[in-house]
Amino acid sequence: MTASAALLMPLLAGPAACAGGTSADRQLQNVFTDAANEYHVPRSVLLGVSYLQSRWDARPGTPSVVGGYGPMHLVDGRRADARGKSPTPAPSESHRGGAQPPAAAAGPSASPGAAGSPGGHSAQPADLRRAAGLIGAPVARLRTDAAANVRGGAALLAETQRQLGKPLSANPADWWEAVARFPGTGDTASAAEYANNVFALIRKGAHRTTDSGQQVTLPASPGVHPRTPHPQAARRPKEVECPAALTCDWLAAPYVEYNDNGDYGNHDLADRPRDQKIEYIVIHDTEADLPSMRQTVQDPTEASWHYSIRSKDGHVTQHIRTKDVAWHSGNQFVNARSIGIEHEGFLRQPDAWYTEQMYQSSAKLVRYLAKKYDIPLDRQHIFGHDNVASPTTSSIPDMHDDPGPFWDWRHYFDLLGAPLRATAGPDSDLVTVLPDFTTHKPLFTGCTKSGVKCAPHGSSAVRLYTQPDEHAPLIQDPGRRPDGEDSTKDVNDLGSRVSAGQTYAVAGRSGDWTAIWYLGHKAWFKNPKNHPTAVGASGRFVTPKEGLSEIPVFGRALPEEEAYPEGVEQQSDSPLPYSLLAGQRYVAQSRPVGSYIDRSTFSDTPSLVVTGREEYYEIQFGHRIAYVRASDVDLVRVPGKHTAPPRPGPPPAAKYRGPSLRGRRPRGRVGASGSGMYGELGGSGTTGCRAARACWGARRLGRVGVPGGGSLRGRPRALSSRP
């Protein structure tokens with residue numbers, strides 16, 4: 001089997017049982033106990049390492065992107081080094097320019113020949129072939145048999161402990177150095193971070209149902225505190241903004257003018273939060289490998305983002321200061337108020353790319369940023385690229401859908417220290433979507449080929465129907481499918497689904513079914529009491545004021561006409577093609593005032609921010625957020641078990657903030673008034689291609705193989721990657 005084909009196995013249709021059934025009848029908990037006893041490794045150490053490697057999932061025969069197998073993520077270097085041809089992406093409902101990953105492409109090589117670390121030891125990973133030799137088993141068995149894989153991991157830990165000249169102690173605290181060396185991390189700071197994460201887990205404890213339905217428990221041992229060495233901390237560049245517990249580096253994104261038309265890239269200077277509050281963190285996946293990502297972020301004509309996180313080990317690289325505005329979400333209004341974090345991976349292959357180390361690093365970074373900027377830890381402020389509002393009607397079909405239905409939001413918020421849970425009784429007027437990720441496995445297609453079923457896989461997504469019946473048509477999104485085509489079950493089709501942690505207003509109940517208001521319609525999802533996919537929630541909702549039969553819905557909150565100073569072109573309102581009718585209700589969160597960042601000139605000072613007095617509500621309108629004018633709606637509060645005091649909306653602000661317009665050279669705009677910029681074409685505007693950012697989508701299409709030609713430079717991103 002080629003490495004490329006192997007990587008596709010996680011989401012190919014088929015059972016996930018262990019090959020040959022050699023360990024199918026054994027409980028995984030007992031497997032860990034037996035292996036720990038056999039090789040004299042503390043069971044808590046073995047369980048802790050395995051959790052950081054795989055969350056105890058077996059995925060028999062299916063490697064990660066670096067060739068890691070089984071619960072211990074033992075790396076077969078020969079498989080990792082194989083370079084198969086990248087398969088063709090599924091043609092229908094593609095990831096807006098996404099592609100299948102190349103084989104074993106994430107981060108540095110994980111082969112046993114990796115370079116030595118600064119700490120003076122060989123940075124060899126948990127080598128599968130070495131482990132097979134230690135336990136006297138065929139190499140192939142450690143790829144497919146969970147018990148053999150765990151035994152191999154225990155044997156490697158014991159061998160490393162002996163090489164360090166340490167006894168096979170029953171005290172977990174004596175194993176810190178052996179644990180630090182287990183993943184083969186190439187520098188002492190990353191190795192120490194890994195070991196510290198393992199021992200933090202041992203102190204806290206864990207329990208989980210694995211991908212094969214096994215119940216595994218790591219009992220808490222709060223008294224375990226190993227004597228850790230204190231290597232000299234790596235010197236960070238002054239630009240890096242990361243928590244101390246993370247290893248982070250800096251790779252700058254350019255801020256340069258790149259042609260004679262005044263076009264520049266690939267981000268904007270700002271002075272956040274002084275000139276604009278940061279209130280969102282957007283979670284992306286790359287749909288490309290890390291090397292191409294690094295090329296892309298250094299190209300002034302491309303998209304940009306604040307941080308990249310590597311799949312292999314969760315290493316963080318910062319590209320743009322958080323005070324500045326990256327072009328990452330496809331929506332200029334959201335960009336101006338957000339921080340963008342890219343995670344190396346492909347949404348159709350989560351088991352190969354969405355590693356526990358990446359989840360943990362991301363959660364540490366987001367916790368740090370949320371505390372720094374007072375961002376609430378909820379799904380209305382920490383959301384995916386697939387939840388970003390479409391700024392205009394014309395942008396809707398090209399908005400991205402990462403990180404997709406297989407990103408485990410419930411686990412992610414557990415790591416953030418803000419668990420998603422019920423905040424009201426089951427009969428509340430609001431519900432929070434909350435399926436059990438491991439056991440909730442809705443049907444998806446298109447992971448490997450259009451129309452072909454994906455393998456059953458845990459999911460954060462819940463599907464919506466027009467009636468309380470699984471044979472009824474799916475809810476249709478007129479923005480994504482303006483010609484009226486039906487929604488599909490394709491992995492990239494967001495038109496008829498909601499995601500864990502999102503909160504909606506209840507529109508009705510019928511037996512095991514619950515209806516919510518969604519894109520202007522009543523949408524039904526199955527929510528049985530004995531296996532619920534949603535729980536009661538407290539919060540606030542908005543509904544049109546009395547006398548209004550319908551109100552407009554927007555993808556951005558713009559200032560009123562009077563707020564624009566002389567010399568700044570007014571941006572026209574462009575309502576989205578949806579109906580929010582009298583009597584409908586949508587959960588409301590923040591209450592921003594309209595704002596707009598003027599990017600008409602390249603300057604070495606922060607861009608001017610135009611701020612109005614018109615207030616809006618952010619609402620959970622469909623799978624994506626949207627905005628409605630506060631003057632159009634009434635706000636209703638729904639109490640619950642843990643009702644928190646509301647966050648006050650921003651006070652009326654001055655007309656604009658930022659530098660003086662005097663001496664600023666105007667720059668040509670695209671189309672007529674209302675055309676927008678940064679991929680926000682639509683409304684009454686035309687679509688000339690003088691400004692690179694507004695016409696970026698057309699140029700990028702040429703690069704990914706449609707008329708226009710050109711080579712594929714950097715990662716295969718899509719239209720709305722640019723602001």
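In the predicted model, Leu 142 is in contact with Tyr 69, Leu 74, Leu 128, Ala 131, Ala 132, Ile 135, Ala 137, Ala 148, Asn 149 and Gly 152, leaving aside neighbours within four places in sequence. Leu 142 also belongs to the largest nonpolar core, which has 53 residues. At least two core residues are supplied by each of α2 (28-39), α3 (43-54), α5 (128-135), α7 (146-163), α8 (176-181), α9 (188-204) and β4 (215-218). Of the contributions to this core, that of α7 is the largest, at nine residues. Another core, of 45 residues, lies apart from this one and includes Val 240, Cys 242, Ala 418 and Phe 444.

An open sheet of six strands is also present, with mixed pairing and the strand order β5-β11-β10-β13-β9-β14. Its edges are formed by β5 (248-250) and β14 (382-384), each of which pairs on one side only. From one strand to the next, the twist averages 25°. Within the sheet, strands β9 (residues 280-285) and β13 (residues 338-343) run parallel and are joined by six bridges; Ile 281 has Ile 339 of β13 as its bridge partner.

Helix α13 (residues 356-373) lies across β9, β10 (307-309), β11 (316-318), β13 and β14. Relative to β13, the helix runs at about 170°.

Notes
Residues numbered from 1 in each chain as written. Predicted model: local features only at pLDDT ≥ 70, side-chain atom pairs only at ≥ 80, totals over all residues. Heavy atoms only, no water. Core = buried A, V, L, I, M, F, W, Y, C linked by side-chain atoms within 4.5 Å. Buried < 20%, exposed > 50% of the residue type's maximum accessible area, 1.4 Å probe, protein only. Helix = DSSP H or I, 4+ residues; strand = E, 2+ residues; numbered from the N terminus. Contact = heavy atoms within 4.5 Å. Pairing = 2+ DSSP bridges. Axes fitted to C-alpha atoms, helices over the stretch in contact; angles between N-to-C directions.
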